[in-house]
Amino acid sequence: MSNTGPPSAGGTTTGAGFTPQPAPASTAPGPSAPPPPPTTTAVPPPVIPPPNNQNLNQIVTDYLLKKGYKRTEEIFRQEVKDLDDAGRPRGQSEGSVSDRIFPAGKYLTSFKHYERWVDNGLDLYKFELGKVLWPLFVYSYLRLVGQASTAHAKEFMQKCRGRFESQHIDELRGLELITLAAHVRENSMAKLYLDNRYVIPINKSLTGTLFHFLERELDQCGAVVLDLIQKHCRVDSVDRGPIEPFSFEAIYRRARNVDLDDVDIQEGIPGLTSRSGVANRDILENRATLKLGPLPLEGELRDDVAAELEEEDRLHPPKDGIPTLIDEFNSMHPIKKEAGDSPQRTDIPYPPSRARDVVVEMQKVRENRDRFRIEGRTGGVGPGLSVCMFTFHNHLGSFSCIDFSKDQLLVAVGTTESYIRVWSLDGKPLNSRLPPERDMKVNNRKLIGHSAPVYSVAFSDSIRNMDRNIYDGQPNPETDSKLLLSCSADGHVRLWSLDIWTCLCIYKGHDGPVTSLSWSPQGHYFVTGGWDKTVRIWAQDHASAQRLLVGHDTPISTVAWHPNGAYVFSASDETDKSIRMWAMANGNCVRIFTGHTDYISALECAPNGKILASADVGGNIFLWDIEKATRIKRCRGHGRGGIWSLSFGVESSVLVSGGQDNTVRVWDVEMPAEGSRPTNQQDGEGTIVAAGAQGDAKQVSTVSQASSNPGTGKKKGKEVMITPDQISAFATKKTPVLKVQCTRMNLVIAGGCYYPETQERDR
């Protein structure tokens, strides 16, 4: 008889954790019969339903909070709001922004993916394909706000707005105010975008490329972009080639004043002042916003200058009828609560002001008050401007460029023999801080360092010093030029010290000759243009360029600054022959001026910041309206060979030019170029009589250039038309004028090299 019994039925368990227990071994010796099968009834395991999404979401939320992942928990809550109980995207209710909702994080990834595709594509197509980015940004943000994905909307705005700040700052400020779903339904800007389709004109071939990419990248970004385009945009296919800011089509249309196509007129959203930022209509019409007003003074500098000027007025009261220095200062730098037309000092970093800056600003106010005032041309007679001409002899044709210091104490010339020579204009010895050279009594210095011809030189800002020291117990700040810039065919830009007469720094970056340079009106920065078709902006305390401006098709011939220091101008030679205006803050090209047919040899911006003057080797001077990017008029009078220098008067009402035809000419900026043309006049020696000058001189309309053989008169000279806006013409004998400079007192200084061979050439 066996002691083995049946297993206990009460020990059964349910689920996967059930483990059968082995029967106990028999204690009786010998074999035993197998027990009969148990007669128990099987109990089915109970069915436990899986936890629903709501419970899982709560478990995950509690876990994230327990671990302290607050940011992740907030994003998780926003994500699950868009999902139903089955984990699929929830359909929208009636009256919402769209009929389809994507996960909130999908909009940011889709935008970034499409943006990378545009930026990594061909430069020729970037502009037109990039037009989709702005509507994609706006409608994605409105979608996120409309579906209450606040955290994602905020993140989307922060990570994607940087691309549009330069062109859409007003729209971005308006979008930032839309933070609730109710705002999307009530805000006027949001309603304007949602109630109208955003029109995007794109070349026909690019339209196919765009939609092929979106279909191919459906999971990455195509689904979101296609949905937004289908519901809120209208893509118009056009047959023309792509238009971008520097394309020949855009330049040709501006030059010919061709009307916009219908697709360009309808581009964007109707009713918005700025339709789509950088769009075809903005490129063809040059409508980028400009800040052409004067740069405000630094707050502390302004207070210091005002206090010192009041003290100066107390010590030296002005005569009757002459304004005080503080009144003149307030008229030059009026306090404006909202200076909408002026750039902000925070846009461009400048070094802090020094004691020298206070003295310089005080002297600028004094010279502005005491200057010779040019009231304009009246009765056919212009202002009696005085010209002081400096002529260089025995140069053997080696001088290539000239510059005068702003305090009229120094002159520098660059030579084709790779050196620079600096003279004192008054003949006094040049000072040196080097102990071995303190006793040297020389009025000129030779600077050696370049290894190729020097193309341009420029003095740093300077002004005549005051008669008294405003800083008691301290040395009187020096206000003369301390630095000199030079550029050369060796590809280098050199910064020279005028205290120790040596090179302080070499700036390298251009690939090939550097043809032109200019100091910023505020100092510290300077701009260069080179044979490599690039314009570069440098800071004197950095060895590398701070801005690289690319867009010209041929080498740069000349550069210039806007008076407020926020923009630079560059001109290109050979086939390009365009002038471009660049914003220093972001490096964008904001204006293009076209119309020259000859090599552009000189650029100058008026002190009022509204007019640009350009000259070419054909003897033409063009005056441009900077805001409208249109030509005001053309001034003619110089002979062919080149106009090498331009300079405006303080009032911006007269322009002075110097050229290869051995003349300095003064032009009336405000007078139209059209009008009656008086009879010709030419004196017996073939020199041009100054129109409007004293005596019997009469205005001329045409003059004859000197013949190639004036002694025999065998070759007839060529006639040059003179427009009626020429005020005066001052002729030298045989000295081409390389530099003219209108001082702060409205005195004209000119310089050139005596070169008899110029009179023997036939132009």
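Author: Helix 5 and helix 6 are roughly antiparallel to each other, a label given to angles over 145 degrees, whereas under 35 counts as roughly parallel, 65 to 115 as roughly perpendicular and the rest as oblique. Their axes cross at roughly 160° and come within 8 Å, helix 6 being residues 150–160. Axes here are lines fitted to C-alpha atoms, for helices over the stretch in contact, and angles run from 0 to 180 degrees between N-to-C directions. Helices are DSSP runs (H or I, at least four residues), numbered from the N terminus. This is a predicted model, in which local features need pLDDT of at least 70 and side-chain atom pairs count only at pLDDT 80 or more, while totals for chains, interfaces and linings use all residues. Residues are numbered from 1 along each chain as its sequence is written, and side-chain values use heavy atoms, with hydrogens and water left out.

The crossing of helix 5 past helix 6 is left-handed, that is, the near helix is turned anticlockwise from the far one by less than a right angle (clockwise would be right-handed). On the helix 5 side, the contact is made by Phe-137, Ser-140, Tyr-141, Leu-144 and Val-145; helix 6 supplies His-152, Ala-153, Phe-156, Met-157 and Cys-160. Contact means heavy atoms within 4.5 Å. By class, this contact has 8 nonpolar, 2 polar and no charged residues. Ala, Val, Leu, Ile, Met, Phe, Trp, Tyr, Cys and Pro count as nonpolar, Asp, Glu, Lys and Arg as charged, and the others, Gly among them, as polar.

Helix 15 (residues 299–315) and helix 16 (residues 325–332) have axes that come within 8 Å and cross at roughly 150°. This pair is therefore roughly antiparallel. From helix 15, Arg-302, Val-305, Ala-306, Leu-309, Glu-310, Glu-312 and Asp-313 meet Leu-325, Ile-326, Phe-329 and Asn-330 of helix 16. Sorted by class, the contact of helix 15 with helix 16 has 6 nonpolar, 1 polar and 4 charged residues.

Helix 16 also packs with helix 17 (residues 355–370), at an angle of about 95° and with the axes 9 Å apart. That makes helix 16 roughly perpendicular to helix 17. Here Leu-325, Glu-328, Phe-329 and Met-332 of helix 16 meet Lys-364, Val-365, Arg-366, Asn-368 and Arg-369 of helix 17. The classes in the contact of helix 16 with helix 17 are 4 nonpolar, 1 polar and 4 charged residues.

How values were computed: Helix = DSSP H or I, 4+ residues; strand = E, 2+ residues; numbered from the N terminus.
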